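Please consult the sequence and the coordinates alongside the text.

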Amino acid sequence: MNYTKAKIFNMALKNLRVSVSIQSANQSDKNVTVLNEFFDCAKEQVLKDFDWNFANGYRELSLTGNIPQNPKFLYEFDYPNDCLFAREIIPYSSNDIVEFEVASNEKGQKVINTNITPAILRYTKLITNETLFSTEFVMALSWYLAFLSAPAICGNRAIQSDCLTIYTSMLAKAKALNASEGYIKTADSCNWFDER
């Protein structure tokens, strides 16, 4: 199903027990104004809160040419423009977990420091096209948007608390669904059984 900002706004309003629907995310309406104020913040937070499959991105990082300020690391890389949350550095030749940090360099630029090069980053991309959102993400987003908007739209703390509780349960359900989609063999997957 293709989702739009207006559909997500209507879901959030229903979550807040507001019965009036909107036609457009750009219409001049008090509720729409409030939802627009919180939408980008809510979307980014929900994307960060969970490792959503549809928002996965991979990129070979570019060296900045600078030495990291943190002496624990050897290499400094540019932070990708579309990266919302860095998840892991994937090594080319092993299944080892690669240590890294996100920091600011001397020029105030956001960078990634690590000890391997080349380095491939797996990250959550900032998705701006609502039609790419999964159903589970839209449902979770509608509840988190309702949670943020509740004081201004309905002024009811009990409803706001319910929205946060349901958002948390939506994330738990999404984790279960997400985990069952795809398969990657890990290094410690029953090697003793395979050798028999």
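Which residues does N10 touch, not counting residues up to four places away in sequence? In this predicted model, N10 touches S21 and I22.

## Confidence of the model

The structure is a predicted model. The mean pLDDT of the chain is 90, and 91% of the residues reach 70 or more. Over residues 189-196, by contrast, the pLDDT is below 50, and beyond near neighbours in sequence this stretch has two contacts in the model.

## Helix α1 and the residue that follows

N10 lies in helix α1, which spans residues 5-15. With a relative accessible area of 16%, N10 is buried, as this value is under the 20% limit for that class. The buried residues of α1 are A6, I8, F9, N10, A12, L13 and N15.

Just after α1, the backbone at R17 takes a positive phi of about 65 degrees. R17 has this positive phi although it is not a glycine. For context, most residues other than glycine have a negative phi. R17 is found in the loop between α1 and α2, and its relative accessibility of 60% means that R17 counts as exposed.

## Packing of helices on α3

Two packed helices are described by the angle between their axes and the distance between the axes. Helix α1 packs with helix α3 (residues 135-153) at an angle of about 60 degrees, and the two axes are 8 Å apart. That angle makes α1 oblique to α3. The passage of α1 by α3 is a right-handed crossing. On the α1 side, the contact is made by I8, F9, M11, A12, L13 and N15. On the α3 side, V138, M139, L141, S142, W143, L145, A146 and I153 make the contact.

Helix α2 (residues 30-49) also packs with α3, here at an angle of about 130 degrees and with axes 8 Å apart. α2 and α3 are therefore oblique to each other, and their crossing is right-handed. From α2, the contact involves K30, N31, V34, L35, F38, F39, A42, K43, Q45, V46 and L47. From α3, the contributing residues are F137, A140, L141, Y144, L145, L148, S149, A152 and I153. L141, L145 and I153 of α3 take part in the contact with α1 and also in the contact with α2.

## L171 in helix α4

L171 lies in helix α4, which covers residues 157-179. Its relative accessible area of 9% places L171 among the buried residues. Leaving aside neighbours within four places in sequence, L171 is in contact with D49, F50 and W52; D49 falls within α2, residues 30-49. L171 and S28 are 143 residues apart in sequence, and their C-alpha atoms are 32 Å apart in space.

## The loop between β5 and β6

The loop between β5 (110-114) and β6 (120-125) holds A119, and P118 has its place in the loop between these strands as well. The peptide bond from T117 to P118 is cis, with omega near -5 degrees. In general, most peptide bonds are trans.

Is A119 buried or exposed? At 0% relative accessibility, A119 counts as buried. Apart from neighbours within four places in sequence, A119 is in contact with R59, E60, L61, F77, I89 and T114. A119 and R59 are 60 residues apart in sequence, while the C-alpha to C-alpha distance between them is 8.4 Å.

## Cysteines

A disulfide is a covalent bond between the sulfur atoms of two cysteines. A search of the whole structure finds zero disulfides. C83 is in no disulfide, and the nearest cysteine sulfur, that of C41, is 17 Å away. C83 counts as buried at 10% relative accessibility.

A pair counts as a disulfide with its sulfur atoms within 2.5 Å. C163 is buried, with a relative accessible area of 1%.

Definitions and conventions. Residues are numbered from 1 along each chain as its sequence is written. This is a predicted model: local features need pLDDT of at least 70, side-chain atom pairs count only at pLDDT 80 or more; totals for chains, interfaces and linings use all residues. Side-chain values use heavy atoms; hydrogens and water are left out. pLDDT is the predictor's confidence in each residue, from 0 to 100. Contact means heavy atoms within 4.5 Å. Buried means under 20% relative accessible area, exposed over 50%, partly exposed in between (1.4 Å probe, protein chains only). Axes are lines fitted to C-alpha atoms, for helices over the stretch in contact, and angles run from 0 to 180 degrees between N-to-C directions. Helices (H or I, at least four residues) and strands (E, at least two) are DSSP runs, numbered from the N terminus. Angles under 35 degrees count as roughly parallel, over 145 as roughly antiparallel, 65 to 115 as roughly perpendicular and the rest as oblique. A crossing is left-handed if the near helix is turned anticlockwise from the far one by less than a right angle, and right-handed if clockwise.
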